[in-house]
Amino acid sequence: MLEPIQKASNDFQKVSKDNYEAVLRSYGELNKGFQAIATRVADYSKKAFEDATRAYEQLVGAKSLESVIEIQSQYAKKAYDTWLAEASKIGEMYAAVARDAYKPVEKAVTRKTS
């Protein structure tokens, strides 16, 4: 009489352990992905600040209004293009993080339904 209850209990414990491990792997992937994104954002911010500083130095040394307009226009175009590229790359990174974090859960669900 206790045998079916023990088997059910053991099965429940195994499923719980497998699910817990899948969630841990998922969180690990999230953590790794968010660290990569944070590093990327920090690198971009540092480069953007350096570019802005360089543009400011050029503006301070400009000899004419035309030169100021040219320097500002070049800086604005470069800053926008760089921001657009980085935003696209970071968006791709977020999508990859979501995919990678879901994989362990997907595998656990697939094993349970098979």
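**Reading Asp51 and the chain around it**

A: Let's start with one residue in this predicted model: aspartate 51 sits in helix α1, which covers residues 2–60.

Q: Is aspartate 51 buried or exposed, and which cut-off decides that?

A: Look at the relative accessible area: under 20% is called buried. Aspartate 51 comes out at 10%, so it counts as buried.

Q: Which side chain does the aspartate 51 side chain join in a polar contact?

A: For this you look for N or O atoms within 3.5 Å of each other. Here the partner is arginine 54, and the polar contact is 2.6 Å.

Q: What is aspartate 51 in contact with once you leave aside its neighbours within four places in sequence?

A: Contact just takes heavy atoms within 4.5 Å. With those neighbours set aside, aspartate 51 is in contact with Tyr75 and Lys78.

Q: Zooming out, how many helices and strands does the chain have?

A: You get 2 helices and 0 strands. The radius of gyration is 26 Å, while the globule rule gives 13 Å for 114 residues, so the chain is more spread out than a compact globule. The C-alpha trace spans about 95 × 20 × 10 Å along its principal axes.

Q: What share of the residues is buried?

A: Buried residues are 14% of the 114 in the chain. As for the accessible surface, it's about 8,900 Å², and carbon and sulfur atoms hold 62% of that.

Q: How many positive and negative side chains are there, and how far apart are the centres of the two sets?

A: Count 18 positive and 16 negative, with the two centres 5 Å apart.

Definitions and conventions: Residues numbered from 1 in each chain as written. Predicted model: local features only at pLDDT ≥ 70, side-chain atom pairs only at ≥ 80, totals over all residues. Heavy atoms only, no water. Helix = DSSP H or I, 4+ residues; strand = E, 2+ residues; numbered from the N terminus. Buried < 20%, exposed > 50% of the residue type's maximum accessible area, 1.4 Å probe, protein only. Polar contact = N/O pair within 3.5 Å; in protein donor to acceptor, adjacent residues only side chain to side chain. Rg over C-alpha atoms; globule rule 2.2 N^0.38 Å. Areas by Shrake-Rupley, 256 points an atom, 1.4 Å probe, with all protein chains shown as cover. Lys, Arg positive; Asp, Glu negative; His and termini not counted. Charge placed at Lys NZ, Arg CZ, Asp CG, Glu CD.
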